[in-house]
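Me: I would like to learn how to read some side-chain and helix features in a model. Please take them one at a time.

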Amino acid sequence: MEKHWHSLEIKEVYAKLGSSPRGLSSEEAEERLSKYGFNELREVRRISALQIFINQFKSLFVLILIFAAVVSALISISHGSEEFADAIVIAAIVVINAVVGFIQEYRSEKALEAMKRLTAPKARVLRDGEVQNIPARLVVPGDIVLLEEGDRIPADCRLIEASELRTDEAVLTGESTPVEKTTMVLDPETPLHDRRNMVFMGTHVVSGRGRGIVVATGMNTEFGKIAEQVQTIEFEEPPLKVKLDKFARRMAYLIAALCIAIFGLEVFRGDPLIESFMIAVALAVSAVPEGLPAITTITLALGAKEMAGRNAIVRRLASVETLGSTTFICSDKTGTLTRGEMTVRRIYLGSKTIEVTGVGYEPKGEFLVEGKPCKIDGSLRLALTAGALCCNAELRRDGDKWHIYGDPTEAALLVAAAKAGLWRRKLESEMPRIREIPFSSERKRMTTVHKNPDGGFIAFMKGAPEIVVSLCSRRLVDGELKPLSDEERRRILNVNDEMASSGLRVLALAYRELEDPSLKEVESDMVFIGLVGMIDPPRREAIEAYRMCEKAGIRVAMITGDHKLTAIAVAKEIGMWKPGSMALTGSDLDKMSEEELEEIVEKVTVYARVSPIHKTKIVQALKNRGHIVAMTGDGVNDAPALKMADIGIAMGITGTDVTKEAADMVLADDNFATIVEAVKMGRVIYDNIRKFIRFLLACNFDEIFVITAAALANLPVPLTPAMILWINLLTDGPPAVALGMDPPDGDVMARRPRDPKAGIFHGMLLFVTVSFILQAIGTLGSFLISYFIYRDLLNEARTLAFMQATFFELIVIWNCRSEHRCFLRFKPWTNKYLVLSVLVSVVINAVLPYIPLTRTLFHLEPLTLQDWGLVLGFASLGFLVLPEVFMRVEEFNR
């Protein structure tokens, strides 16, 4: 079907759709329903709940854990019940992770349902020349739809009538203010958000009335195209899951090699075949850090809880870590980088220019001329009075906050007047309104007539400068009326251009004194008062947050539906606009190929007048350049880009349900600073995950080293399977969880982003190797000295080896708190959870040889003071595993 309906005359639209002003006949409507289908959003593809659940078990790490659980159960059947508890714990970990993953992914598939809730249930159409109320799903192309205030628009329509018709298109285009509609023919290349002669499914009528001929229904509407994009964007695994799977693959290869090697050694020694196999597999299973998925989930969940307390609500746990990987943030301007509150900044009064201080809707600020306060009198007082009276917005106080009701531009004029003590309610009591000529997109101006206290009448006008100036014959300069010459008109319009080029939205103000308020030609022979320039100012905290991004090596781009000059002005105020920065519009993006955009995408600071397709194009270009991209959005139009981004961030206040469902994170306060704080938290959480992975790996391989060495030397096994499992699950577990709650390093936002391609094990190999070698030396050393020098029994020697292994781990954990600083450069009590968990583990492990039940279970013997001296002496080797010496971490510089 024809795409450029906005560029056709109404009679051409009728002809192409085979319709008329009387609408379709019932028979024709039935035929078209069969041809085009129901006017509803279809499910392009749908993954079943069962499939989502099964997918949770496809992770390689989960498969390894399942293998470990099965093997542990088999060992318990062959050797008794010691290993059965391990099988149960591992199985529980697998099930819990599967359930959590299922819940999160199932919720993420709900975006289409949220979109369906935005479509109209009923529609009023002309059928057989009569008005009929029908279910919106029965609307077909060619139907004539009747529109009134409050109606939700059922399909995409070309307007054939529009009387003061204004629609709210925020959910579709992101346009924050109601859009004035017309029936005029537009240029074929007119972008979506400027198609004033069209109305779109899912949007609604704010005021006025109109009629439209349906040109697209269901999935062929603009809304439907977005629904299809949301559903067809392929889900990408979070970076953390990718890295854990990569790590798991390496672990699988290593474990398989160990199984084969140890099995061969045991057989070579002449041990029974089945016994050798079970010992080899049990040791290989001990190398699996069983607690890793559970501790990772706990750390992410605790991080998500803390983020929620800081207004960042995480919908998918893996996104917590992904935030810490972010290298590029694409942020909306209005309400996120800026306050979302238009503010008057400059007033031009012919002979002088006045700067206005203060931000937002709070009526506090000063009026300055050349930096000095000026009096509120003469032309300035008249300009502020005109702005306050010639508007329909309202300013109200709710506790400590000020809110506006109505158009944000008019609200800015109200607030400016209130800063001077000129409150609209008081002004209207003195100068009541008796007539209004409303604003329209064709007229580009608004005029109100008021009764003066002296009994006369005065008209105030505000509007586009070129229109208002053309209707003026005089100007007010320092309280005097002077003729408005053509030269003076050009000068005023030049000032307007200068103000607009600095990013200000400019309105002109004029007045006229009247004797007859009903005068038909009231909008002529006006007196020019001045120009008012306003802008939506940056949030103070956004400026500071951007500085933090710069320091952290994170790039930021502004994406807005606003004009390019306005966006650049805001970018300059925030500090984003640098020498060499680029700004692109939606039209520029349309002319670029994907390859051309990729070449320059890292240099672009501002994107203005963009559409949904442009946002996805930007995200894809950045991802192709290797970036981890965070994208913000609030309207339905943003949903595809949010789903495509590595981190989709929806606005909690202004965001629609659709964007929230498609997003990974929701900002409760719509604030850019909250994004940066979340990125910081993400970095902290990733650091902590690396800390406990380093700890678990550093302490998991020594048992295999010890058993292998004992097998080669034809010695008794120094550690029993029960001892190994106790160390892996109970000695390592609680301190590792506490390590996941470590406070941030002071330089967490002073570092460049880590390389997105770097594995989670990156830089740890030497540290882990040195640690398990020293621990193995301590375990074997204590065992051999006890067994051969002290001539202790086997159980006594094993007790020394077991105690040494546990205490070594409780010491080396203090060197896992940083990648750059050892335990001597930390105050231990900064992580009270770690202190507590280590102390509890020390006490529990120390008393194990003295409790009859545990002595029997683990085949332990009480230790003498000499034994304890040997244990603690070898365990102290853990202090020598210094991160400054053995960590090899490089910063990522893009």
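The dialogue below goes through ring pairs, charges over rings, backbone angles and helix packing.

Me: What kind of model is this?

Reply: This is a predicted model, in which local features need pLDDT of at least 70 and side-chain atom pairs count only at pLDDT 80 or more, while totals for chains, interfaces and linings use all residues. Residues are numbered from 1 along each chain as its sequence is written, and side-chain values use heavy atoms, with hydrogens and water left out.

Me: How is a pair of aromatic rings described?

Reply: By the distance of the centres and the angle of the planes. Rings of Phe, Tyr and Trp (its six-membered ring) pair if their centres lie within 6.5 Å; planes under 30 degrees apart count as stacked, over 60 as edge-to-face and the rest as tilted. By this rule there are eight aromatic pairs. One of them is stacked: the rings of Trp402 and Trp423 have centres 5.9 Å apart and planes at 25 degrees.

Me: Where do Trp402 and Trp423 lie in the chain?

Reply: Helices (H or I, at least four residues) and strands (E, at least two) are DSSP runs, numbered from the N terminus. Trp402 is in strand 15 (residues 401-405), and Trp423 is in the loop between helix 15 (408-419) and helix 16 (424-430), 21 residues apart.

Me: Which of the accessibility classes does Trp402 fall in?

Reply: Buried means under 20% relative accessible area, exposed over 50%, and partly exposed in between (1.4 Å probe, protein chains only). Trp402 is buried at 16%, and Trp423 is partly exposed at 37%.

Me: What is the geometry of the pair Phe705 and Phe772?

Reply: Their ring centres are 6.1 Å apart and the planes are at 55 degrees, so the pair is tilted. Phe705 belongs to helix 27 (residues 702-712) and Phe772 to helix 30 (residues 765-789), so parts 67 residues apart in sequence are tied together. Phe705 is partly exposed at 39%, whereas Phe772 is buried at 16%. Elsewhere, ring pairs link Trp726, Phe802 and Phe858 into a cluster.

Me: Which charged residue lies over the face of Tyr405?

Reply: A charge sits over a ring if NZ of Lys or CZ of Arg is within 6 Å of the ring centre and within 35 degrees of the ring normal. Arg396 lies over the face of Tyr405, at 4.1 Å from the ring centre. Arg817 lies over the face of Phe826, at 4.8 Å.

Me: What is the phi of Glu164?

Reply: Phi of Glu164 is near 50 degrees, a positive value in a residue other than glycine. Glu164 is in strand 4 (residues 156-168) and is partly exposed at 45%. Lys444 also has a positive phi, near 60 degrees, and sits in the loop between strand 16 (433-437) and strand 17 (445-451).

Me: How are two packed helices described?

Reply: By the angle between their axes and the distance between the axes. Axes are lines fitted to C-alpha atoms, for helices over the stretch in contact (heavy atoms within 4.5 Å), and angles run from 0 to 180 degrees between N-to-C directions. Helix 19 (residues 540-552) and helix 26 (residues 672-700) pack at about 35 degrees, with axes 8 Å apart. The residues of the contact include Ala545 and Tyr546 of helix 19 and Phe672 and Arg683 of helix 26.

Me: How many residues of helix 12 are buried?

Reply: Seven of the eight residues of helix 12 (residues 318-325) are buried, among them Val320 and Leu323.
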